[in-house]
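Let's walk through this structure together, one part at a time. Keep the sequence and the 3D view open as you read.

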Amino acid sequence: MFKTFTFEKSYRKLFLAGIINGIGDRFSQVALLALILQMTGSGLSVGITMALRMIPFLFFSTLSSSIARKFGRKRIMIFTDLSRAVIALSFLTVNSPAEMWIVYAASFLLASGEAIYSPIRKSSIPAIVSSKSLKEINGWEQVLMGFVLVIGALSGGIVSYFLGAKAAFLLNIVSFLVAGWILSTLPSLDGKNENELISKPNHEKYSELLPVIAASSFLFMLMMFELIIPLINGIENVLLSVYAVETFEKADLGVGIFYSVLGLGLIISPLLTKMIKKRFLLFSFICIIGEGLFLTTISQTKAFWLAAVLFGMTAVFSGIGNTLLDTIAMETIPSKWHGMYFGLTSMLSNTFIGVSMFFTGIALEWLNPRLVGMFGGIMYIAAGTFFLLWSLKYSVDQEKAKLMKKAV
């Protein structure tokens, strides 16, 4: 695994930029969520803020592919980093509940940059990484998220707790600037000469990809996954902060600890993913069921540290499942459709997470967080079982051959 990381030089820089960018953003998120709960005491305000961070994906994710082809992946990613550094300055002006509109507006604008950045970054991976390294590199993507959560969330909670939210916001601004500089040192994020690629006509048409998805029950299953699982994942995302601050009464530090154990789980997950040599679909959906079992158990536990350990276990299963499904998509779907496909799935998953977060916030105004957590766990188990049974009829190699024929 480390040998692959060493060999893929361009990915190493992409990884480093992602670590710095992500850690800074997580600093800000932990501080912001704790600040909102302290100022308003409302789960609904948390739900609205997190929903606003997802809604822009509905508008911008599908545009990211065409924007990248016109201006180049590298240029757009640098631009979004610099733009978000400027936008993040606005959080420094928030001091009272009356200024929550600033939080909402800035959250929306920051998410708009992420909605463009994220699918471009993901589609860059198969373009700059050799096909034989994809599974291990997707494992490194889970490690990246793990480091972001461990370092960003835990440190963010500590910094926010002892130095105040504004210190965390300042570190976020610096992280965007540093990540943009690292990306500027890359020769290219495209599979061929960047200038040549940009000068070519835009051949990516959703009118070409969508009929393929409709005609392929395999791709349709993957798209349905991107619709259903985020609805459940949104519940978990909101509950994590509410559990830490309100249920266990651990304030900023509790939020940071919960996020950091999620990170540890993601860092551990590639070690287990490496052991899986076949039946990627089967194992990925088994992992969804595992997440549900742990989330259901968390909803009933009374001890903060036991809940933290169980959150870490959900992340292990999540990391394995995400690595396997991303690898399946990158290897099975022809490269000409990668940009559109990841833009489309980013739009669907993040939009539905946003919808879920909003309604979870509303539900928490009337329902006990533990009851909402129990519901989320049961939904994970049901969805995992549904997709597992659906996937049994497919051979990934056969589906890849079918899609390659349609791409010619």
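**A walk through the helices**

Helices here are DSSP runs of H or I with at least four residues, and strands are runs of E with at least two, numbered from the N terminus. Before we go on, note that this is a predicted model, in which local features need pLDDT of at least 70, side-chain atom pairs count only at pLDDT 80 or more, and totals for chains, interfaces and linings use all residues. Residues are numbered from 1 along each chain as its sequence is written, and side-chain values use heavy atoms, with hydrogens and water left out.

Is Ser-284 buried or exposed? Ser-284 counts as buried because its relative accessibility is 1% (buried means under 20% relative accessible area, exposed over 50%, and partly exposed in between, with a 1.4 Å probe and protein chains only). Leaving aside residues up to four places away in sequence, Ser-284 touches Gly-321, Leu-324 and Leu-325, where contact means heavy atoms within 4.5 Å. The C-alpha atom of Ser-284 is separated by 8.5 Å from that of Ser-318, and these two residues are 34 residues apart along the chain.

Next, look at a pair of helices. Two packed helices are described by the angle between their axes and the distance between the axes. Helix H15 (residues 304–332) and helix H18 (residues 396–407) have axes that come within 9 Å and cross at roughly 35 degrees. Such axes are lines fitted to C-alpha atoms, for helices over the stretch in contact, and the angles run from 0 to 180 degrees between N-to-C directions. On the H15 side, Ile-328, Glu-331 and Thr-332 meet Val-396, Glu-399, Lys-400 and Leu-403 of H18.

Now for the aromatic rings. Rings of Phe, Tyr and Trp (its six-membered ring) pair if their centres lie within 6.5 Å; planes under 30 degrees apart count as stacked, over 60 as edge-to-face and the rest as tilted. The count by this rule is 20 aromatic pairs. How are the rings of Phe-15 and Trp-140 arranged? Their centres are 5.6 Å apart and their planes stand at 90 degrees, so this pair is edge-to-face. Because Phe-15 lies in helix H2 (residues 9–40) and Trp-140 in helix H8 (residues 134–163), the pair ties together parts that are 125 residues apart in sequence. Phe-15 is buried, with a relative accessible area of 8%, and Trp-140 is buried too, at 7%. Elsewhere, ring pairs link Phe-220, Phe-225, Phe-285, Phe-386, Phe-387 and Trp-390 into a cluster.

Helix H2 also holds Asn-21, which counts as buried at 6% relative accessibility. The side chain of Asn-21 makes a polar contact of 2.6 Å with the side chain of Asp-81. A polar contact is a pair of N or O atoms within 3.5 Å; within protein, one must be able to donate a hydrogen and the other to accept it, and residues adjacent in sequence count only if both atoms are side-chain atoms. Among the other residues that Asn-21 touches are Arg-84 and Tyr-117.

Finally, visit a loop. Most residues other than glycine have a negative phi, and most peptide bonds are trans. Glu-249, however, has a positive phi, near 55 degrees. Glu-249 sits in the loop between helix H12 (217–247) and helix H13 (251–273), and is exposed, with a relative accessible area of 67%.
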